Amino acid sequence: MPHSSPTATPHPGPSIDPAGGTEVSAHGAKKRFLHDAREYVRDTDHRAFLRRALAGYYTTRDGQKARYRDWEHARDAANLAKWNAVNRLDEMLVRFADRFEAGGGKVHWARDAAEARSIILEIIRAAGAKAIIKSKCMTSEEIHLNAALEAEGYGVVESDLGEFIQQLRGEPPFHFVFPCMHVRRGEISKLFEEHLGSAPTESPEELTMIARRYMRRLYVEADVGITGGNFLVAETGQISITENEGNARLTAALPRVHVALVGIEKCVERLDDLAVLLPMLATAGTGQPLTCYNTLYGGPRAAGECDGPREMHVVLLDNGRAAILADPEQRDSLQCIRCGACLNVCPIFKNVGGFTYGTTYQGPIGSVITPHLRGLGDWNHLSQASSLCGACTDACPVRIDIHHHLLHNRRNAVRAVPNRLERIGHRMFAAVAARPQLFAAGGAVFRRSLWLLKKLRLPLLRDWIASRDLPRAPARSFRDQWRHRASPAVAQGRTDADGRPQ
Amino acid sequence: MNARDAILARVREALTVPGPGPHQRAGEMAGHGAAPHPAPLPLGNLPVLALEAARPWLPDGGATPEERLAMLADNLGKLKATFHHVPTIHAAQDLLFSIARERDWKRVAWHAHPLVEPILAGIPCATHRVDGAAAVTADPATESSLRKDALEACDAGITGCDALIAQTGSILVSSATCGGRSLSVLPPVHVVVAAPEQIVATLADAFDALRERHGNSFPSMLSFITGPSRTGDIERILVLGAHGPKELFVILVG
């Protein structure tokens, strides 16, 4: 099937409502999830493309992990660093804010998306900004910052290559670390031809250089640079930004004003914690020893320094994070350092694609935290989209118990809205299973009528059966076969004292 | 209540309910249907710091200066940076000048630094110093984009560094000691000049070196540079020189 987007009906991305914030009702989200998942699963070409793109991840990551004297012990330590900060978050935030302001920057606190947007707009207005450059920042996707800025008449350009491509395509990121991993080079060439007037090319290198050339003037001319932040260091009052391209460094170096929008959970207590977390973030995320640029900012340009912004602002965003903190069972999901490893290894992500989730944070960790982050609606259907294989938990460098949290979400959903039909079904099964003769009779009926299930298209089973092949029913029950088995041990007379085959 | 107090109040309220300890799963907490588990560790009183817990298990940084040097060179090679070790300032000059001629550099940017200055003397192209008195004392109100343009037009940025890290092949630069924030990232080529004594084993050692050098007041920007700028955003294929330098040279003198 030829296509220019991953689903037959291109995913519109979260419909943007700068005033409200919440996009769709829970029911709508679930319906759309099922629809998009079905469409994407059928697109075998694109699934193969996605798998190919991720294939190299395993080898590079494992090669890098092998350089650790013990990766599993290092994970324990990374877990400790984040656990410590999350469980003392109030103290960490106060220390960070005090230290950061002592360095000449300004800290702002935003309870929700609307508050964060208005704080940032106010900073931009006060700076009299004309041009805004932005580096990759998932929290800004969470609060739909670009739409809010554009609604106020400000132009804003995403400088990260993947985010820039997504901005031109009018789509949200497909994967929160690899935003345009679903786009083929030919599509990017066409996109650049259309928007930047460049010559068509199939070379990833040439395409990268087109974006590089286009962006350089923008760095020099921008008045305000907006970035995210990967860590807030309480001890030193610095924010830490991890990146590969150098665009975040330029964004925080050239404009007059630097604004960083960071979730409150990003705290660590000590600078030394980064000696553990920075390499592990890179290894788990992309299989690098360290990403290309890991930069700490303690404030605006200091006395005696020859460049850098005159103002630096950090906006600390809650937006539902305190609600996760209030659930002790899932509190550890705030330890997430957004490396994206759980997406890269997730069989569901690889089969339904990033857009199907309909969330800012895709994949297993997104399915855990989204029901908390979205004030309205119930996103628990995301927790059903899991094979519970545990690959995510295994890949997580800070040891978040991701797949158990998916189970917790399922349990919570059932508690909130009990499924009476399911309960009746389980009771009936229990009653039958406890009565061997009834069980045998039921089995005999099922063995003879299994083929009917597919034909009858019963309303409750239809969806489940539609994409599955039913096995052929055996002629005899398991118990019958067991009774009449030809056991080599029995045949040869090798039995123990109780007559059981050895 | 202002936003700060409201958020802190929510956080404090949330933390009144104890959660699992580190390395502990929610299901292992008492009262969750599993066997009772010892109470979570007292907060603020960790048995061990994360770094101390991790130190024996993180990638090695080399035990001797020779090992560290070899490891640094190896890592820089893997990162597609170019590493040269030359015996004298004079040899470093020869090397830099030949790179300049080969690439037909018109203008290079630099900053005052005990290694950069002598190596640059006599380079066969124009030079642009970024940290002159005018730049440092510029009036913010009248500051134009002229200086940014001047740097943007340079073919290379030549800087010193605060440390070289054997464990990862990284270069630590700071805004106070390496010519500000943009010199090491805006020009298409970055040349780092360093002395062998600046090589440290691990990131943790680099933090120690920073504390030693800057005490309690760090420069406004510290950056660990690990190889030339790169991206994998197009089909996960590696391309160098996304926005920062396409080429990174490390010249070790002595």
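Colleague: Which residue of S9(B) does A:Thr295 stand opposite?

Modeller: This is a predicted model, and in the model A:Thr295 faces B:Ser223 of S9(B). That pair belongs to a strand pairing across two chains: strand S9 (residues 293-297) of chain A and S9(B) are joined by 5 bridges.

Colleague: Do these two strands run parallel or antiparallel?

Modeller: Antiparallel.

Colleague: How many residues does each chain give to the contact?

Modeller: Chain A gives 89 residues and chain B gives 79 residues. On the chain B side, the elements that give two or more residues include helix H1 (3-15), helix H8 (203-214), strand S9 (221-225) and strand S10 (230-231). H1(B) gives the most to that side, with 10 residues.

Colleague: What is the make-up by class of the side of chain B that touches chain A?

Modeller: That side has 42 nonpolar residues, along with 23 polar and 14 charged ones.

Colleague: Next, the nonpolar cores. Which residues have the most contacts inside the largest core?

Modeller: A core is a set of buried nonpolar residues joined to one another. Here the largest has 193 residues, and those with the most contacts inside it are A:Val276 and A:Leu277, together with B:Val193 and B:Val250. The element that gives the most to this core is helix H12 (residues 273-286) of chain A, with 9 residues.

Colleague: What is A:Val276 in contact with, leaving aside its neighbours within four places in sequence?

Modeller: Its partners come from both chains: A:Ala74, A:Ala77, A:Ala78 and A:Ala81 from chain A, and B:Ala50, B:Leu51, B:Ala54 and B:Leu58 from chain B. There is also a second, separate core of 5 residues, among them A:Phe33, A:Tyr357, A:Trp379 and A:Leu382.

Colleague: What can be said of chain A as a whole?

Modeller: Chain A contains 24 helices and 10 strands, and its C-alpha atoms fill a box of roughly 90 × 50 × 45 Å along the principal axes. Of its 502 residues, 50% count as buried. Among contacts in chain A with a separation of 6 or more, 73% are between residues 24 or more positions apart.

Colleague: Where in chain A is the pLDDT below 50?

Modeller: The mean pLDDT of chain A is 89, with 91% of its residues at 70 or more. Over residues 1-23 of chain A, however, the pLDDT is below 50, although this stretch has 39 contacts in the model beyond near neighbours in sequence. Where pLDDT is low, predicted coordinates should not be read in detail.

Notes: Residues are numbered from 1 along each chain as its sequence is written. Chains are lettered from A and ligands numbered from 1 in the order in which they are written. This is a predicted model: local features need pLDDT of at least 70, side-chain atom pairs count only at pLDDT 80 or more; totals for chains, interfaces and linings use all residues. Two residues are in contact if their C-beta atoms, placed from the backbone, lie within 7 Å. Helices (H or I, at least four residues) and strands (E, at least two) are DSSP runs, numbered from the N terminus. Ala, Val, Leu, Ile, Met, Phe, Trp, Tyr, Cys and Pro count as nonpolar, Asp, Glu, Lys and Arg as charged, and the others, Gly among them, as polar. Two strands pair if DSSP finds at least two bridges between them. A residue is buried if 20 or more other C-beta atoms lie within 10 Å of its own, exposed if 12 or fewer, and partly exposed in between; C-beta atoms are placed from the backbone. pLDDT is the predictor's confidence in each residue, from 0 to 100. A nonpolar core is a set of buried Ala, Val, Leu, Ile, Met, Phe, Trp, Tyr and Cys residues joined through C-beta atoms within 7 Å.
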